[in-house]
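Let's take a friendly walk through this structure, looking at where its parts meet. Have the model open as you read.

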Amino acid sequence: MDQSGSITTPDAHCMAVEINRSIVSDEALLKTCYWFSREFVCEIRNRNDQIADVLLTSRNAASVADLASTKDAFMTSAMDFALREKIEARTSGIRDLLLAKAFSESGVLEDEPQGVFGDAVEEAKSESMFKILGNPRS
Amino acid sequence: MRLTTTGVARNFEQSIVGVLTTEHLPREKRTERILFFAAHEAIPAEDLSGYRGLLSHDELHGAPSLPYIHRLRESDHLKDGDIVVLEGNAGTVRSLYRPYEQHHHLFVTERCNSNCLMCSQPPKDRDDVEALTERNLELIRLIAAPPPYLTITGGEPTLLGDHLFTLIAQLKASMPDTELHMLTNGRTFAWPDYARRFAALEHPNISLGIPLYSDFAGDHDFVVQAKGAFDQTVAGFHQAARNGIRVEVRVVLHKLTIPRLTKLVEYIYRNLTFAEHIALMGLEYTGYTPRNIDALWIDPYDYQDELEEAVEYLAVRNMNVSIYNHQLCVLRPALWSYARKSISDWKMLYLPECERCSALPACGGLFQWAVKKHSEHIHAIASLPPDAAQKCS
Amino acid sequence: MARAFYPLERFAPTPPTFHLLPFRFTRLNGKELLVNEAGEFLFVPTGTVQSLADERLDTGSALYQDLKAKQFVYDDSSSPLLDILATKVRTKFDHMCGGTKLHIFVVTLRCEHSCEYCQVSRQTATRGEFDMSPATADRAIAMMMDSPASAVTLEFQGGEPLLAFDVIQYIIPRAKRQARERGKDLDIVVCTNLACVTDDILLYFRDEGVKVSTSLDGPAFLHNKNRPRPGHNSYEKAIEGIERSRAILGMENVAALMTTTAASLGHAAAIVDEYVRREFHSIFLRPISPYGFAVKTRHRTGYEMDRFLEFYKEGLAHILKVNHDGYRIAEVYTQILLTKILTPHSTRYVDMQSPAGEAWSVLVYNYDGDVYASDESRMLAEMRDWTFRLGNVHKDTRRSLFTGDPALQLFQASCNQALAGCSDCAFQPYCAADPVYHHATQGDMYGHRPTSGFCARNMEVITHLFSLIEENDRNTMRILWSWVTGKPLTKEVVACA
């Protein structure tokens with residue numbers, strides 16, 4: 001998953017970064033730019049379906065050395081937001097369920113206990129206090 | 001001290017529970033009593049009717065019509081006031097309750113739905129609930145002076161179903177000030193209805209002692225030899241707490257629980273924050289333990305790092321923690337204030353080298369069966385520093 | 001018949017796949033920090049998040065076991081125990097239970113100090129019409145008791161509340177009677193500079209069980225610089241007031257708070273030493289709030305958040321050293337954050353809650369009956385910004401206060417789970433939302449996170465605390481825990497043998 005970004009510096013205060021749009025979604029890219037907007041003006045241009053160009057212009061005088069580490073930081077941040085999206089996609093359903101359980105009335109959304117009861121004597125009885133627990137022996 | 005002995009039984013239709021008397025009583029005082037003759041005691045010639053039964057170390061002549069057990073193997077552990085059960089089928093005499101002791105147990109069943117590798121009371125799949133409940137109800141009735149504490153144990157007490165509720169209700173009625181502690185694997189409490197019914201008993205003084213052996217489900221299930229036990233136990237803790245039932249966490253320390261001990265106490269702190277106490281307990285060399293000793297044994301002296309870390313973790317977070325079943329010479333001195341005299345009188349002894357130990361009065365001793373297996377590092381402590389007195393419980 | 005024993009694999013099989021439970025992450029000190037919805041965290045090697053997202057982490061590894069035990073992942077070999085996790089999440093919101101617990105009564109705007117950063121109108125001591133009337137007080141007390149909370153705190157503020165001591169004396173018995181009738185516990189605190197306190201006032205407070213909270217910004221030069229007063233003796237009056245109050249009320253009933261100004265920066269250790277000298281056992285290193293006169297006089301009191309953070313870290317390091325040397329003193333901001341990070345619980349401190357404490361946890365009843373969502377909301381009104389005025393005790397009920405437009409707009413921006421920047425943040429369970437702050441500093445209740453001083457401060461402090469947690473120095477952690485539990489350091493038992 002190689003991010004080939006190139007630094008073409010039209011002048012000393014800005015930097016262009018190439019983003020692979022199949023790895024970093026538009027939303028992830030926007031979030032990255034959101035955080036960088038404190039120090040930089042971010043302009044995004046979608047070159048095509050595969051590549052987005054981001055031009056970062058420093059709000060105050062930043063050296064070329066600073067810009068190099070900024071590129072790394074931007075890439076890392078973009079990848080992290082892409083990762084977060086992936087995780088969110090896998091967990092949003094169970095998160096909704098979790099929060100629904102957390103804020104619902106006690107007992108309303110609770111799961112039944114899982115697993116077998118595990119007592120041979122009780123399970124052999126046809127009528128027992130534990131008939132609701134009548135799970136087959138494992 | 002001995003709990004059971006056997007002899008030859010006559011005239012029994014069913015088991016008999018009664019209070020031992022060494023003194024021959026007038027007729028009107030005999031109804032709950034079993035008359036006990038120690039070795040070489042003369043047996044009175046007169047009418048012995050009115051007693052529940054007779055117990056004699058020596059042969060009883062004269063063929064009394066009362067149920068009796070004679071020709072006992074041992075009897076010097078039997079004292080006036082002891083509550084015993086005489087079992088006619090095998091001639092067994094079991095001591096159920098000794099008023100002069102500190103630790104009292106109500107044993108309610110041998111059944112259990114777990115099968116812990118180190119179980120000190122290996123379970124039997126025989127339905128003894130009816131018989132034991134009847135016996136225990138009678139025992140409760142016969143206890144003259146309510147003790148401050150009583151432990152309900154087994155097997156797994158919740159397997160009694162409604163009978164457990166009957167027992168607890170009876171205890172509430174006849175000795176409401178007695179602090180009950182019930183040892184259970186907690187699994188049945190995972191069912192909300194059960195937890196609610198238990199709480200509805202509204203016993204004013206009861207807490208549950210529930211073991212947890214790892215923060216990782218698979219490890220806990222392996223130790224207790226029951227799949228899904230971890231999930232049920234943790235859910236059981238929560239349902240109990242939600243219903244206002246007081247809970248304590250128990251951890252037996254051995255080779256399978258020591259490696260994740262710090263992570264376990266962290267799990268307890270974050271998930272079982274409501275636990276009123278955590279007991280870190282030494283291994284008992286009895287029951288299943290000898291069979292599984294290779295998987296279980298670690299010299300307590302060798303896990304002092306982990307134990308100290310776990311105790312500090314909990315203490316710093318203001319959780320109550322105690323160390324049970326450890327000798328002071330084996331524990332780091334920093335941990336002495338957490339050590340309790342936890343071994344029941346009848347199970348406890350000191351080794352010969354202990355006689356010279358200056359910490360003896362404060363030390364809880366060893367289990368009787370520890371003569372077969374104990375730490376290599378038991379030794380007499382020559383002298384205590386001046387401030388040790390208040391540090392040692 | 002004896003039962004068989006089964007091996008580990010039967011109970012702990014290596015699962016072929018696993019599933020993720022919700023979590024957020026950040027990078028810290030060369031590692032990844034994972035935080036779940038209940039605020040439980042785990043430091044893991046860099047690359048772990050990627051392998052979790054790709055579902056290729058080794059399920060037989062020790063790392064997997066830790067992740068499973070802490071509810072970051074689950075698999076089909078056992079239950080995800082979602083109800084347990086839900087309970088832990090709910091516990092993190094237990095500050096919401098019962099609704100508004102802190103009720104601030106601004107009994108007067110009069111004050112004889114003229115502190116540069118003060119968010120209150122400077123009124124001379126002679127104007128009587130800036131005091132709370134009995135009718136307003138009655139309505140405010142009723143409104144306070146309408147809160148569902150079983151325990152409420154009544155805090156007197158001003159101006160200088162002791163200048164309206166008669167109003168205080170009017171309110172206290174009525175509040176107590178209503179508390180009894182409505183079955184609530186009532187705590188009463190007076191926030192005062194103590195400059196005009198008398199023994200009679202203190203004896204009254206003692207008899208009524210009232211606690212005092214006062215200001216001590218540091219040593220004399222600093223305190224006097226911050227709090228100009230005719231006579232230039234604010235510090236001397238404060239110390240005198242503290243000593244008198246302690247003599248009559250007891251040490252534990254007199255608290256001190258400091259305010260940080262530009263003048264304070266660089267003097268963290270001296271301020272701490274002053275608190276130690278005065279035998280206080282807690283100190284709150286809080287940044288100056290950007291409201292009221294502070295905004296007007298920014299050129300004198302303004303400073304970058306960076307300089308505050310430097311001040312905080314220096315202060316914290318010095319406080320830890322003082323503790324290590326045997327004197328017990330807690331830093332309150334740290335204590336609040338550590339409660340959220342290290343314990344299952346939430347904080348009762350209204351400025352660090354999500355949903356934001358404004359209105360939910362605190363209400364301010366101004367002298368004229370206007371009800372505000374927070375102290376800062378009222379200060380904004382001094383600058384003719386009534387965005388957070390919820391209503392008035394003479395016109396509103398609790399219901400109409402909470403369903404009016406100002407409240408509803410506030411609530412919309414109150415949950416950091418739903419704010420840009422916060423929704424992805426690993427520190428979300430430890431941080432908070434503050435719509436009033438963002439409205440005041442950025443003109444937008446929702447706030448712009450990258451330029452938010454609130455965000456910068458919390459993120460930096462939380463990061464700093466996580467460094468300490470990761471370092472895990474035994475002595476430091478024992479001290480920090482003693483602040484969290486409020487109990488003295490557990491005594492290390494001296495070696496007996």
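## Where chains C and B meet

In this predicted model, 28 residues of chain C are in contact with 35 residues of chain B (contact: C-beta atoms, placed from the backbone, within 7 Å). On the chain C side, two or more residues come from each of α1 (8-11), α3 (62-69), α4 (82-91) and α20 (474-485); helices are DSSP runs (H or I, at least four residues), strands likewise (E, at least two), numbered from the N terminus. That side of chain C holds 15 nonpolar, seven polar and six charged residues (nonpolar: Ala, Val, Leu, Ile, Met, Phe, Trp, Tyr, Cys and Pro; charged: Asp, Glu, Lys and Arg; polar: the others, Gly among them).

As for conventions, residues are numbered from 1 along each chain as its sequence is written, with chains lettered from A and ligands numbered from 1 in the order in which they are written. Local features need pLDDT of at least 70 and side-chain atom pairs count only at pLDDT 80 or more, while totals for chains, interfaces and linings use all residues.

## Two domains in chain B

Chain B splits into domain 1 (4-95) and domain 2 (105-324), with bounds from an automatic or database domain assignment. Their C-alpha centres lie 35 Å apart. Six residues from domain 1 of chain B and five residues from domain 2 of chain B form the contact. On the domain 1 side, β3 (16-21) and β7 (83-87) of chain B each give at least two residues, and the residues there comprise four nonpolar, one polar and one charged.

Notes:
Two residues are in contact if their C-beta atoms, placed from the backbone, lie within 7 Å.
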